[in-house]
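Please look over the sequence and the structure before reading on.

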Amino acid sequence: MNLSRFDRWTGALACLLIAALPLATRDDFLLNLATLVMVWSIFAVGFDLVFGALGMVSLGHASFLGIGGYALAIGTQRLGLPFSAALLLAVALGGLSAWLISFFALRVSGIFFALVTLALSQLLYILADSKLRALTGGADGLPGVDRPAFAGIDFFDSLNFYGFVAVIFLLVMLGVAVLRASPFGRVVAGIRQNEIRCEQLGCDVQRVRQLTFVASGGVSGLAGALLASLLMYVNPQMLHWTTSGDVIIMTLLGGAGTLWGPVAGVLLFEVLKEWLSGRTPYWYGILGLVFILATIYCPRGVLGEIQHQLRTRRPRRARPAVVSPAPAHIAPQPEQQA
């Protein structure tokens, strides 16, 4: 796996912080906040497979998040599935719904792709809020969503659930890193840079886009299931377009198209939200102002800008001078003896 030095060091720092937090504090609020950051990071990383890697703006990714949350809740409460099976069901339904939506959304591109995903997401929101109220609980949602239960571990304890989500988060980051560095990931990057050239080289652009969209939906469904389990509650708000707007802000704030940029954006977004919401009721407007300033002065995102500055300021190694070998002199021929 070919990762940049910056990504390797950032990954090592993230692992160190995840391992150090339980040693530094046992405060339930901080542990739950860190767990929430990791869950939203999974969603943002999955979203960035379409937004950053593929270069397509989806305004309906909240639908996959909500489908994952409802799949876990209904699977454990109504169908009696164990948590692990319901979690896999959430991933499968997230990918399946992305596959079905791709048949409509991928027929267009640009702003029309964004509008189609937005329309289909809002359709699912209306169904969950009113038409399917008997199944989804309507605006009241479904309370009492279950948490894992295996090996006798109490996952209702904040520390234990933090560890459970941390393991899944690191596995997702490893999987996304492998995907980005794989030949398939290089094709995805090539499509974003020059779609016409990829078609000329024989690449099935539409197929690659569809597979990427399905992978993004599966990761987003996983995030929705973990979010429902963390909050022990799911409601139609998870399907609303504002949730898609939040993940766009998070991804842009940290750095779209980078491996750890969406994670940094989620961390900044959640920390600022918690800090501002306790001080002013107008925190969302202030957060929007921060986002505007960050977009102006850090167009690549905070982590993306740091990575760019390190690349440009890194002194290039001086190449050794290539000295052409001197032409070999022809040794004089000995004189023939008479």
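The points below cover a helix pair, some aromatic rings and one valine.

This is a predicted model. Helices α11 and α12 pack against each other with their axes 6 Å apart. The aromatic pairs come to 12. V187 sits in helix α8.

**Helices α11 and α12**
- Helix α11 spans residues 241–254, and helix α12 spans residues 261–277.
- The two pack at an angle of about 115°, so α11 is roughly perpendicular to α12.
- Their crossing is right-handed.
- The contact residues divide into 8 nonpolar, 4 polar and 2 charged.
- On the α11 side, the contact is made by D246, I249, M250, T251, L253 and G254.
- On the α12 side, the partners include P262, V266, L268 and F269.

**Aromatic rings**
- F47 and F51 both belong to helix α2, residues 28–51.
- They are 4 residues apart, about one turn of the helix.
- Their ring centres lie 5.2 Å apart with the planes at 25°, so the pair is stacked.
- F47 is buried, at a relative accessible area of 0%.
- F51 also counts as buried, at 13% relative accessibility.
- One aromatic cluster is formed by F83, F150, F155, F161 and F164.

**V187**
- Helix α8, which holds V187, covers residues 183–193.
- V187 is partly exposed, with a relative accessible area of 30%.
- Neighbours within four places in sequence aside, V187 is in contact with C198, C203 and V208.
- V187 and L54 are 133 residues apart along the chain, and their C-alpha atoms are separated by 9.6 Å.

Technical notes:
Residues are numbered from 1 along each chain as its sequence is written. This is a predicted model: local features need pLDDT of at least 70, side-chain atom pairs count only at pLDDT 80 or more; totals for chains, interfaces and linings use all residues. Side-chain values use heavy atoms; hydrogens and water are left out. Buried means under 20% relative accessible area, exposed over 50%, partly exposed in between (1.4 Å probe, protein chains only). Contact means heavy atoms within 4.5 Å. Axes are lines fitted to C-alpha atoms, for helices over the stretch in contact, and angles run from 0 to 180 degrees between N-to-C directions. Angles under 35 degrees count as roughly parallel, over 145 as roughly antiparallel, 65 to 115 as roughly perpendicular and the rest as oblique. A crossing is left-handed if the near helix is turned anticlockwise from the far one by less than a right angle, and right-handed if clockwise. Ala, Val, Leu, Ile, Met, Phe, Trp, Tyr, Cys and Pro count as nonpolar, Asp, Glu, Lys and Arg as charged, and the others, Gly among them, as polar. Rings of Phe, Tyr and Trp (its six-membered ring) pair if their centres lie within 6.5 Å; planes under 30 degrees apart count as stacked, over 60 as edge-to-face and the rest as tilted.
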